[in-house]
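Here is a guided walk through a protein assembly. Look at the sequence and the structure first, then follow the paragraphs below.

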There are 4 protein chains.
Amino acid sequence: MGKGRIEAFTDGVVAIIITIMVLELKVPHGETFSALLPMWPVFLSYVLSFIYVGIYWNNLHNMFHTVKQVDGRVLWANLHLLFWLSLMPISTDFMGENHFASAPVAVYGCVLLLCAIAYAILVTQLRRLHDASTTFARALGKDVKGKISIVFYLVGIALSFVNQWLGAAVYVLVAAIWFIPDRRFERQIG
Amino acid sequence: MGKGRIEAFTDGVVAIIITIMVLELKVPHGETFSALLPMWPVFLSYVLSFIYVGIYWNNLHNMFHTVKQVDGRVLWANLHLLFWLSLMPISTDFMGENHFASAPVAVYGCVLLLCAIAYAILVTQLRRLHDASTTFARALGKDVKGKISIVFYLVGIALSFVNQWLGAAVYVLVAAIWFIPDRRFERQIG
Amino acid sequence: MGKGRIEAFTDGVVAIIITIMVLELKVPHGETFSALLPMWPVFLSYVLSFIYVGIYWNNLHNMFHTVKQVDGRVLWANLHLLFWLSLMPISTDFMGENHFASAPVAVYGCVLLLCAIAYAILVTQLRRLHDASTTFARALGKDVKGKISIVFYLVGIALSFVNQWLGAAVYVLVAAIWFIPDRRFERQIG
Amino acid sequence: MGKGRIEAFTDGVVAIIITIMVLELKVPHGETFSALLPMWPVFLSYVLSFIYVGIYWNNLHNMFHTVKQVDGRVLWANLHLLFWLSLMPISTDFMGENHFASAPVAVYGCVLLLCAIAYAILVTQLRRLHDASTTFARALGKDVKGKISIVFYLVGIALSFVNQWLGAAVYVLVAAIWFIPDRRFERQIG
């Protein structure tokens, strides 16, 4: 089964997710600059989520580049990932609207965690179809970053009950981890 | 006429449908975990619909993979299917918002039924262009599953007036039927 | 300049337009079947617009199939068409919400008229790049249907002030004209 | 790394942005023509933004046409541009809802300015991968228009505090500058 359509569909869904998040930004009431001020938490959470969805698109882009074949389980593992990614807009807004209160920050972390687990499942399904000699397997390696992320999200969720900003800081940290070495990863496979 | 653009358009519409359903999930009021509790029926109906739209994408993906040609009637049969699929978000929300009350569960079943009938019409139109020796015709076989689904939806709609959970259970059952043997189908053609 | 990306972009925008129209359908209040009853005008206008956008997609699909080259003016003529098509959702809802009152029916007709004029401009721009011997020019012929449609929309708009249902009936008639011979057109070029 | 998927993703996001802007147009209350009158500022800002997003799509279309390779930095520079473009719908609505008041016009100009800066960054990243002998570098030249635009946006933002219509007029002027010579640029590379 070719990978073309799964790539196209995934690109489509991710493009829609990253764009409809902006629909959660409500037009400020009032015509002055000060009308924009109350938007900062919603805007901040939008920026963070935009970067996260961008990272997922980037990673899916790089990963599918090396993939040789897919099957039905991969399709469903991919849809499963898209399901949790589709909850990014609402959990982003939940966090932003409540000014990064503890519970919403923890919920946001749970969505990130479930996306990361879904990504790990997708990787596992793709590994099944690509033995250790393939470009896919070599580029992926042990996927240390994927495993570390899951641990970090758990830490972030726990910390959000101590102090919500600590939790949010951990999410920013994980985004930074993915943002930076991703370019190295890409050079390896490029 | 090539099948490329009909595939691309269908992928696009299905990707949008599966993603805008999440816009029906309203951000909960309140900043505590308990604010999420009242969302369970809407969330549950979202999960079910996400799986259903995923199944349709999967089936369309597999079916168009074996299709050799399309014509104007196929385009319209396909648009007709997309029309009923486009009603998934609103009927999902109608069912969720009303906590799986009888009438909304029956309405949801009607939309599923109309999608299934539209799918059967699309299959009929494609059969017209592909004789029994084609991969398409062999992979499709007698389409027993398609016919059974229509019967099951009718049963589900009827049962939803007895007890709405019975109706919903039938819809879950049909989803499971498609979810599982779909992989077998795909191996046959893969 | 290749036509690939203009086709992809157009498909994307049309797919989004046809799908977001459904967002104008508001979830009915109440959990009974009678809660659905007040939706009929909105639903009816949705069906009509879905068919119209489907016709445009179909026609653009067939037309671009025979197109050999595009340039900057074609890009803008195409964007101009997409602009008026993008007003379909709101004018559909305006007509539906007001139960096919005279003014909204006339406004809806104006949007259809402007789409038709924009389509004629796009055709003119494409003719400039394709001489009479090309498949494009032969398939298009004198575009009688395009010209008739514009006249009919004008009639429909005028009639909507006499009786709104007469106006709406003309729009349905034009849709039927496009729906039926389009298949013949396609066979010629197929 | 191929440019195909970055083009597809960009096309998708831009197609969604240009289309969801229309969701900000609220259906007028009332069933008369006069119900449409209060919409003029929102409609006017919609037209301007539609043209701007169209220009960006057109320029990205032409630019990526000549691009030979992309890397991770280009992906992120592109996502960065898409981020600011994604703020077009909300800033458009902010300007329209407030009838082109000074602050919203200035905010709209800031979004345009940030898009232009993001575009310049994307160009810089692409230049890094394409030496002066490539079609990309020759077609781009010194990118005088890009630099002039940034200056003009700054002027427009400043003028919007003197008189909001002066600010808006500058934005219209920049759009006109891009709209017209873009066709010349395209002929050079075509």
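By what turn, and with what shift along the axis, can chain D be laid on chain A? The turn is 90° and the shift is 0.0 Å, with an RMSD of 0.0 Å. Such copies are superposed by least squares on the C-alpha atoms of residues with pLDDT of at least 70 in both. The two copies are thus related as by a four-fold rotation axis. The contact surfaces differ: 6% of the contact residues of chain D recur in chain A.

This is a predicted model, in which local features need pLDDT of at least 70, side-chain atom pairs count only at pLDDT 80 or more, and totals for chains, interfaces and linings use all residues. Residues are numbered from 1 along each chain as its sequence is written, chains are lettered from A and ligands numbered from 1 in the order in which they are written, and side-chain values use heavy atoms, with hydrogens and water left out.

Now take the interface of chain D and chain A. Contact means heavy atoms within 4.5 Å. By that rule, 33 residues of chain D meet 37 residues of chain A. Together the two chains bury about 3,100 Å², and 75% of it lies on carbon and sulfur atoms. Here buried area is the accessible area (1.4 Å probe) that two parts lose on being put together, summed over both. Three residues stand out: Arg5(D), Phe9(D) and Trp76(D) supply 27% of the area that chain D buries against chain A, more than any other three residues.

Which helices of chain D each supply at least two residues of the side that touches chain A? They are H1 (4–20), H3 (72–86), H4 (88–97) and H5 (102–129). Helices are DSSP runs (H or I, at least four residues), strands likewise (E, at least two), numbered from the N terminus. H1(D) gives the largest share of this side, nine residues. By class, the side has 23 nonpolar, five polar and five charged residues. In this count Ala, Val, Leu, Ile, Met, Phe, Trp, Tyr, Cys and Pro are nonpolar, Asp, Glu, Lys and Arg are charged, and the others, Gly among them, are polar.

Turn to charge pairing. A salt bridge is a side-chain nitrogen of Lys or Arg within 4 Å of a carboxyl oxygen of Asp or Glu. Between chain D and chain A there are zero salt bridges. Over all chains the count is four. In one salt bridge, Arg128(B) pairs with Asp71(B), with the closest N and O atoms 3.2 Å apart. That pair links distant parts of the chain, 57 residues apart: Arg128(B) sits in helix H5 (residues 102–129), and Asp71(B) in the loop between helix H2 (40–66) and helix H3 (72–86) of chain B.

Next, look at other chain pairs. A rotation of 90° with 0.0 Å of shift along its axis superposes chain A on chain B, at an RMSD of 0.0 Å. Their contact takes 33 residues from chain A and 37 residues from chain B. Chain A and chain C do not touch, and their nearest C-alpha atoms are 9 Å apart. Chain B and chain D do not touch either; 9 Å separates their nearest C-alpha atoms.

Finally, an unreviewed UniProt entry annotates "transmembrane region" over residues 6–23, 35–55, 75–94, 106–126 and 150–180 of chain A. Residues 75–94 of chain A are 95% helix and 0% strand, with end C-alpha atoms 29 Å apart.

Notes:
UniProt positions renumbered as here; feature names shortened; annotations may be inferred.
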